[in-house]
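Please find below a colleague's note on the model shown here. It is set out as numbered points.

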2 protein chains.
Amino acid sequence: MKVLIVEDDPLHRSYLHEAVNAALPECDTVIEAENGTVGEKLARDHKSAHIVMDLQMASRNGIEAARTIWKERPETRILFWSNYSDEAYVRGVSRIVPDGAAYGYVLKSASDERLKLALRSIFIESQCVIDREVRGLQQKSLGQTNGFTDSEYEILVDIALGLTDRAIAKRRGLSLRSVQNRLQQLYDKLDVYQAAGDDHEDGRFNLRARAVAVAFLRKLLNYSALERAEAEVQEWLDGLHESPRDRHRRRVRT
Amino acid sequence: MKVLIVEDDPLHRSYLHEAVNAALPECDTVIEAENGTVGEKLARDHKSAHIVMDLQMASRNGIEAARTIWKERPETRILFWSNYSDEAYVRGVSRIVPDGAAYGYVLKSASDERLKLALRSIFIESQCVIDREVRGLQQKSLGQTNGFTDSEYEILVDIALGLTDRAIAKRRGLSLRSVQNRLQQLYDKLDVYQAAGDDHEDGRFNLRARAVAVAFLRKLLNYSALERAEAEVQEWLDGLHESPRDRHRRRVRT
DNA sequence: CAACAAGCTGCGGGTTTCCGCAAGACGGCG
DNA sequence: CGCCGTCTTGCGGAAACCCGCAGCTTGTTG
């Protein structure tokens, strides 16, 4: 049995290496990658079936890497080992895990014991192991209790990127008004009205900008989510008008 | 000589402990703290003069902790040891360092050798040691080459928090128009106009929101900067009108 | 089928943002 | 002193945002 470790930090990497050796005597080779890019490459070269992956790496983050790996071989077992339980990460992961795949999500703050248990459960027993703390978020985010719908999350990302209502409408195939409806419902859930028009017109917030700030503070968004979204939107923008030639064709509107 | 280590991650903590022992034979005691809060407390109790501090900790981040420590004893020597060289961190640090204090900023990716050298330089020789990569940012941020003025940075933070123009004007003691001037100048520097109305009038960006997004992507802002700013603005809001009585929330505006 | 909930859409209008234009205010420099 | 550059402020208007109201399509349930 072979295990691939993908992790930025050399300290954590060697710690993982030891943990794998200790927890899995049946493992004969351990390979290491120091970022997502080489992680993908090694996974492909070695046809890795067992991977421990850090989220949040400089070159190419864990979610990106996992996505392409799973795309090529959906039965790969991946244990995500992360510092944070931001909702943005949790959502990002559960968005890309293939049906029936065995995977895990363990926090770096977990004990040695817990980590080893997770390694065995996933790699040997093919069971999913999700850290309790993470699990809580997942429930919230999938169920609708106090959580966010996918459509709400979508629009949150869109305004975080700085798109206008009109642009969002076009991107998502909605009318302008529908976009604004979704925005209202987002503002509602984020409780943006709190100090906005409450006391007086003095200390007012710009709802749109405030929503993004609150989402960040609540860790619904984080850097890597924004980064991914930015890449997607750029792609969309580029594909929007393939022919730079016929731009004069449609001039009149309204 | 005593050294205080303030660091979240147990692995990194013990690594630091070893590094200190190896680099500083004259050091007889090493104390450890696992977050900013107990870091402050230990620093006070032991009157620590030599501290190694992680930025980015859960309970109370390194900048906060360093600020209160320096406030009590400005001659304390602090070596910041961080994963990132985000401009937001660099700016945050150089904002709080007292005149003439010896401090350092070393990245976690640096070699053992570099770390040990930095430890000796700062704690023994009282010299400032700034990582080359970080240094670059600092130049940019203090000098005006392609960097941001304090006033621009201020307004960036304000819109990131979601304040309206009017609120910003009141907060900073400016007229509405001046605020908007600064915004324009910010938009200019952030190059927000790039794909906005450039090629076609369809996919437009909301400048205000876009500026925040770009700033995040360029790491001019990050979570901890936002968190600090949020605390400040809340404080300001509270102090604004002394009657916290009618705190009842209403969503209907008459 | 009726009744109801949930979502999309258009309309209208109040507020905010974005910004060109122009009139001061302040400081440096020949 | 006049000239110039930078910063501020007011005015006015086009565009964007925020949102109540009402009509329309779905899908569900009894």
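The points below concern a predicted model and take up strand order, helix packing, aromatic pairs and charges over rings.

1. Chain A contains an open sheet of 6 strands, paired in parallel and ordered β2-β1-β3-β4-β5-β6. Strands β2 (29–33) and β6 (129–130) of chain A each have a single partner strand, so one side of each is left without a neighbour in the sheet.

2. Within this sheet, β1 (residues 2–6) of chain A runs parallel to β2(A) and is joined to it by 5 bridges. One residue of the pairing may be named: A:Val6 has A:Ala33 in β2(A) as its bridge partner.

3. Helix α3 (residues 62–72) of chain A lies across β3 (50–54), β4 (77–82) and β5 (103–107) of chain A, at about 155° to β3(A).

4. Over all chains, the whole structure holds 9 aromatic pairs. One of them is the stacked pair of B:Tyr15 and B:Trp81, with 5.9 Å centre to centre and 20° between the planes. Because B:Tyr15 belongs to helix α1 (residues 10–23) of chain B and B:Trp81 to strand β4 (residues 77–82) of chain B, the pair ties together parts 66 residues apart in sequence. B:Tyr15 is buried at 17% relative accessible area, as is B:Trp81 at 3%.

5. B:Trp70 and B:Tyr103 form an edge-to-face pair, 6.3 Å centre to centre with 90° between the planes. This pair links helix α3 (residues 62–72) and strand β5 (residues 103–107) of chain B. Relative accessibility is 3% for B:Trp70, which is buried, and 8% for B:Tyr103, also buried.

6. In chain A, ring pairs link A:Trp70, A:Phe80 and A:Tyr103 into a cluster.

7. Two charges over rings deserve mention. The charged end of A:Arg91 sits over the ring of A:Tyr153, 4.3 Å from its centre. That of B:Lys219 sits over the ring of A:Tyr223, 4.8 Å from its centre.

Notes:
Residues numbered from 1 in each chain as written. Chains lettered and ligands numbered in written order. Predicted model: local features only at pLDDT ≥ 70, side-chain atom pairs only at ≥ 80, totals over all residues. Heavy atoms only, no water. Pairing = 2+ DSSP bridges. Helix = DSSP H or I, 4+ residues; strand = E, 2+ residues; numbered from the N terminus. Contact = heavy atoms within 4.5 Å. Axes fitted to C-alpha atoms, helices over the stretch in contact; angles between N-to-C directions. Phe/Tyr/Trp six-rings, centres within 6.5 Å; stacked < 30°, edge-to-face > 60°. Buried < 20%, exposed > 50% of the residue type's maximum accessible area, 1.4 Å probe, protein only. Lys NZ or Arg CZ within 6 Å of the ring centre and 35° of its normal.
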